[in-house]
Amino acid sequence: MNRLITLILSLFAAFLAGGLILAAAGYDPIEAYRALIIGAFGSTNAWANTLAKATPLIFTGLAVAVAFRGGLFNIGGEGQLLMGAMAAALIGVFFNGLPGILLAFIALLAAGIVGALWAGIAGYMKVKFGAHEVIVTIMLNYIAASLTNYLVNYPFKAEGMVPRTETIPAGMQLTRLIPPNQLTTGIFIAVIACLVIYWMFNRTVYGYEIRAVGLNQDAARTGGINIGRRMILAMLISGFIAALAGAVEVLGVYRYFVAGISPGYGFDGIAVAVLARNHPLGVLLSALLFGALRSGSMTLDRLTDVPTDFVVMIQALVIIFVAIPWVVKRINLMRKRGESIGS
């Protein structure tokens, strides 16, 4: 309960600080927040837009959270998303003779496996060679971006000026819940993924061991847990989930792979996970907040003269204010440990 109250106060402080900055810059903060709320929740279509923009963030936020809980920082969600999106698109292009539902399932599975293997490279190098996963995943992001960009511009490019693959069969496309809005049944897959990960962490031995490794590796090792295997497993699961974000974008939103399919969902997932404190169910609410800010920014731009960069500023303030209590807690913990050792 204390954590929830702290989180609510942090969010309130972030929005208050954002309002003060807007007022200092000569804008009306009440008008700005009113436009954001209308754009995010003012109508059925606004709600649909919010949920549509939250869907990929749920996947990428959950992916980062899983790695965090295993003591790893998976900053490579963007690359895993791109690899998963390309895999899903190619399944649709080259295996279009299969029934649609089966093809959609295979595409999601293939995307997840490709993403898991891509993230697994970082996990393996971390365990085997001591390579820091942040550096490795950043490099893998560049490789994935360059590789998918090459594939969509040359071997698998459809006819036309736009660098994109052929459209996937209609039967494997995810259903749009409120057409022409981009909200699809992918939102249900995202929610199920959060529930599965929550169950895994709280009801399975593997989940417990991953959490134990993330909390204290020495204690986990003393308890007989294989640290290396659980780290690699955490990265595999993380990559699988991040790749699903790309697959859902292909199957539900674009219906093909196109250059620039992600505006940075993999990186935004880090902010989502931080706000959720790496809790699988908290990721749902955190992604909804970021989705609402993105959805509301369009109305903000249309109804006011406030720059849409204001939304980016709010996101940054939210992360800062949410992170401050955690930072203070860590500093106090380190201070107490120092005093204990000194005595």
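**Exercise 1. Find where helix H12 bends, and check its length.**

Step 1: Go to H12 and look at Gly296, where a kink of about 25° is centred. The bend at a residue is the angle between two axes, one fitted to the seven residues ending there and one to the seven starting there.

Step 2: Check the span. H12 covers residues 280-303, which is 24 residues, and reaches 35 Å from its first C-alpha to its last. That is close to the 34 Å expected at 1.5 Å a residue, the expected span being 1.5 Å times one less than the number of residues. Helices here are DSSP runs (H or I, at least four residues), numbered from the N terminus.

A word on the model: it is predicted, so local features need pLDDT of at least 70 and side-chain atom pairs count only at pLDDT 80 or more, while totals for chains, interfaces and linings use all residues. Residues are numbered from 1 along each chain as its sequence is written, and side-chain values use heavy atoms, with hydrogens and water left out.

**Exercise 2. Track down salt bridges and say where their partners sit.**

Step 1: Get the count. Searching the whole structure turns up 4 salt bridges. Each needs a side-chain nitrogen of Lys or Arg within 4 Å of a carboxyl oxygen of Asp or Glu. Side chains of opposite charge can pair when their charged atoms come close.

Step 2: Take Glu209 and Arg230, whose closest N and O atoms are 2.5 Å apart. Glu209 lies in helix H8 (residues 205-215) and Arg230 in helix H10 (residues 227-254), so this pair ties together parts 21 residues apart in sequence. Glu209 is buried at 15%, and Arg230 counts as buried at 15% too.

Step 3: Now try Asp218 and Arg221, with closest N and O atoms 3.3 Å apart. They are 3 residues apart in helix H9 (residues 217-222), so about one helical turn separates them. Asp218 is exposed at 55%, while Arg221 is partly exposed at 47%.

Step 4: Finish with Glu133 and Lys126, where the closest N and O atoms are 3.2 Å apart. Glu133 is buried at 4%, but Lys126 is partly exposed at 23%.

**Exercise 3. Compare the linings of a pocket and a cavity.**

Step 1: Sort out the terms. On a 1 Å grid over the protein atoms alone, a cavity is a set of points where a 1.4 Å probe fits but cannot get out; a pocket is an open set with protein on both sides within 12 Å along at least five of seven lines; and lining residues have an atom within 4 Å of a point. Grid points are joined across faces, edges and corners, and a volume is the space filled by probe spheres set on the points.

Step 2: Look at the second largest pocket, at about 240 Å³. Its lining residues include Asn49, Lys53, Tyr254, Arg294 and Met298. H3, H10 and H12 each give at least two residues to that lining.

Step 3: Turn to the cavity. The search gives 1 cavity of 30 Å³ or more, and the largest cavity holds about 40 Å³. Among its lining residues are Thr55, Leu183, Thr184 and Val248. H10 gives the largest share, 3 residues.

Terms used:
Buried means under 20% relative accessible area, exposed over 50%, partly exposed in between (1.4 Å probe, protein chains only).
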